[in-house]
Amino acid sequence: MQNPNAASQKATRARYWVIVFAIVLAVIQYVDRVAISQAMPEIAKEMKFTDTQKGAIFSAFGLAYALFEIPTGWLGDKIGARKVLIRVVLWWSFFTAATGWAWNHVSMVVMRFLFGAGEAGCFPNLTKALSTWLPLHERTRAQSLMWMGARWGGAFTPLLVVSVMAFVNWRIAFLIFAALGVVWTFVFYLWFRDHPRDHPSVNAAELELINDHPDHSSSHGSVPWRALVTSPTMWLLWMQYFCLSYGWYFYVTWLPDYLKSVRGLEMKSNVVMNALANFLESSFSPELTMKLLAAALAGIPLLFGGFGCLISGWITSRLMARGGSVTRIRRAFGIIGFTGAAALLMTSYYIKDPLLAMLAMGMASFSNDLTMPGSWTTCMDVGGRYAGTVSGSMNMMGNFGGMAGPLVVGLVLQYTARDWHLTFLISSIVYVLGAVCWMFIDPVTPLEKPVEN
């Protein structure tokens with residue numbers, strides 16, 4: 001029944017602040033996550049890590065992130081996104097700082113595992129919050145904006161880390177990054193409520209607009225685990241996200257190492273890069289200049305990925321508004337995204353010019369992220385009031401891919417005399433498998449029937 005007060009009111013826009021909170025936290029999460037890849041050369045030099053040990057450190061995060069996705073997503077469905085997000089952000093902020101306290105390989109693996117356990121709760125519970133606060137037609141665009149923020153936060157992190165480490169060592173740098181999450185938590189605690197009806201800034205008209213899915217605000221029952229684990233759509237959704245994360249994790253783990261060891265000698269061979277290097281050397285040392293150039297190149301894939309999220313969400317929303325088939329649209333973006341990522345990643349390896357090679361890799365990441373809004377919105381639509389659990393399960397499988405990717409790269413490099421070509425080839429093949437999954441995914445049919453009002 002329509003609220004009589006809603007008809008005479010203009011809807012407030014308090015719900016958009018939830019999108020702002022999601023974007024800012026996504027940026028912070030990626031700053032804290034990506035910092036380790038840029039700092040790893042200094043860390044490895046100090047602690048004398050091998051390629052396999054570096055791969056194990058990167059994978060410890062992915063393993064914990066995967067294992068704690070479903071528990072933290074389920075907890076958000078059970079007690080609300082607000083309580084869970086406050087706890088997990090403070091948790092991972094503490095272990096961001098604790099990364100700087102590590103003293104050997106084992107301690108670093110433990111710190112990164114515990115850090116990953118905290119970050120696992122981020123996106124499932126942001127998805128839960130968005131599905132509660134936003135009407136159906138605004139969700140895809142919100143997801144695209146959130147993931148754009150995440151990617152762009154990661155894109156600028158290499159430059160941020162290099163700049164911070166020009167003044168302090170890597171241990172102090174992680175302490176500085178940890179403070180970002182603490183500040184976000186304090187503001188979020190004061191403003192956010194699990195239910196829009198409990199927020200003083202939401203009027204009756206906005207609540208009426210949001211309440212096209214009142215069953216999404218809480219679970220009110222047991223998660224339908226049987227439907228979850230027997231759904232072909234869920235298995236395909238999990239598999240495609242495993243493939244996506246396997247390839248994508250290279251950008252936030254091994255890419256700085258690749259740039260230094262393979263592209264380092266070529267860095268000034270490009271006219272633009274040489275001119276930029278000459279400009280920077282007028283203010284910085286040659287060593288810092290090369291680090292800044294490498295950091296700028298390392299940020300290109302995530303920068304382009306942000307555009308992929310944004311454009312995918314914008315086009316998808318417009319096509320759906322014109323009556324396009326949700327299933328066909330999401331499948332098309334999934335297939336195009338995965339095949340494009342596979343082809344462009346291999347192309348980047350064969351291009352000799354370092355800037356052009358990284359632009360090709362950036363387009364691979366752009367293609368990769370064309371699939372992101374559709375994947376996460378599918379979790380909302382398929383999961384319904386269990387969106388936290390469903391999105392957590394997908395991200396869990398994705399991060400098993402994120403665990404496997406860096407570990408495989410480390411093993412390949414150590415036992416093949418650093419054969420980077422093979423690592424690129426494996427990632428491209430995995431991407432193609434992700435495209436196959438999207439041919440058969442049903443992205444609209446919910447696990448259970450909507451609650452009758």
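Trainee: Which element gives the most to the lining of the largest cavity?
Mentor: In this predicted model, α11 does, with 4 residues. α11 spans 232-248. Also supplying at least two residues each are α1, α7 and α18 (387-415).

Trainee: What makes this space a cavity and not a pocket?
Mentor: The test is escape. A 1.4 Å probe fits in a cavity but cannot get out, whereas a pocket is open. The largest cavity has a volume of about 100 Å³. Its lining has 15 residues, and Tyr 30, Arg 33, Tyr 241, Ser 245 and Trp 248 are the closest to its centre.

Trainee: How do you know that Tyr 30 counts as a lining residue?
Mentor: A lining residue has an atom within 4 Å of a cavity point. Tyr 30 is among the residues that line the largest cavity, so it has such an atom.

Trainee: How do the residues of that lining divide by class?
Mentor: Into 9 nonpolar, 4 polar and 2 charged. Tyr counts as nonpolar and Arg as charged.

Trainee: What lines the second largest cavity?
Mentor: Arg 33, Ile 36, Ile 57, Phe 58, Phe 61, Arg 112, Tyr 249, Val 252 and Thr 253. Two or more residues come from each of α1 and α2. The largest share, 3 residues, is from α2. The space is about 80 Å³.

Trainee: How much space lies in the largest pocket?
Mentor: About 670 Å³. The lining has 29 residues, with Gln 38, Pro 41, Glu 42, Lys 260 and Lys 291 nearest the centre. α1 (15-47) gives the largest share, 7 residues. By class, the lining has 17 nonpolar, 5 polar and 7 charged residues.

Trainee: What makes Tyr 251 part of a nonpolar core?
Mentor: Two conditions. A core residue is buried, and its side chain joins the set through atoms within 4.5 Å. Tyr 251 is in the core, so it is under 20% relative accessible area. Tyr 251 is also among the residues with the most contacts inside this core of 125. Among the residues touched by Tyr 251 are Leu 302, Leu 345 and Met 361. The largest share of the core, 17 residues, comes from α1.

Technical notes
Residues are numbered from 1 along each chain as its sequence is written. This is a predicted model: local features need pLDDT of at least 70, side-chain atom pairs count only at pLDDT 80 or more; totals for chains, interfaces and linings use all residues. Side-chain values use heavy atoms; hydrogens and water are left out. On a 1 Å grid over the protein atoms alone, a cavity is a set of points where a 1.4 Å probe fits but cannot get out, and a pocket is an open set with protein on both sides within 12 Å along at least five of seven lines; lining residues have an atom within 4 Å of a point. Grid points are joined across faces, edges and corners, and a volume is the space filled by probe spheres set on the points. Buried means under 20% relative accessible area, exposed over 50%, partly exposed in between (1.4 Å probe, protein chains only). Contact means heavy atoms within 4.5 Å. Lists of a residue's contacts leave out its neighbours within four places in sequence.
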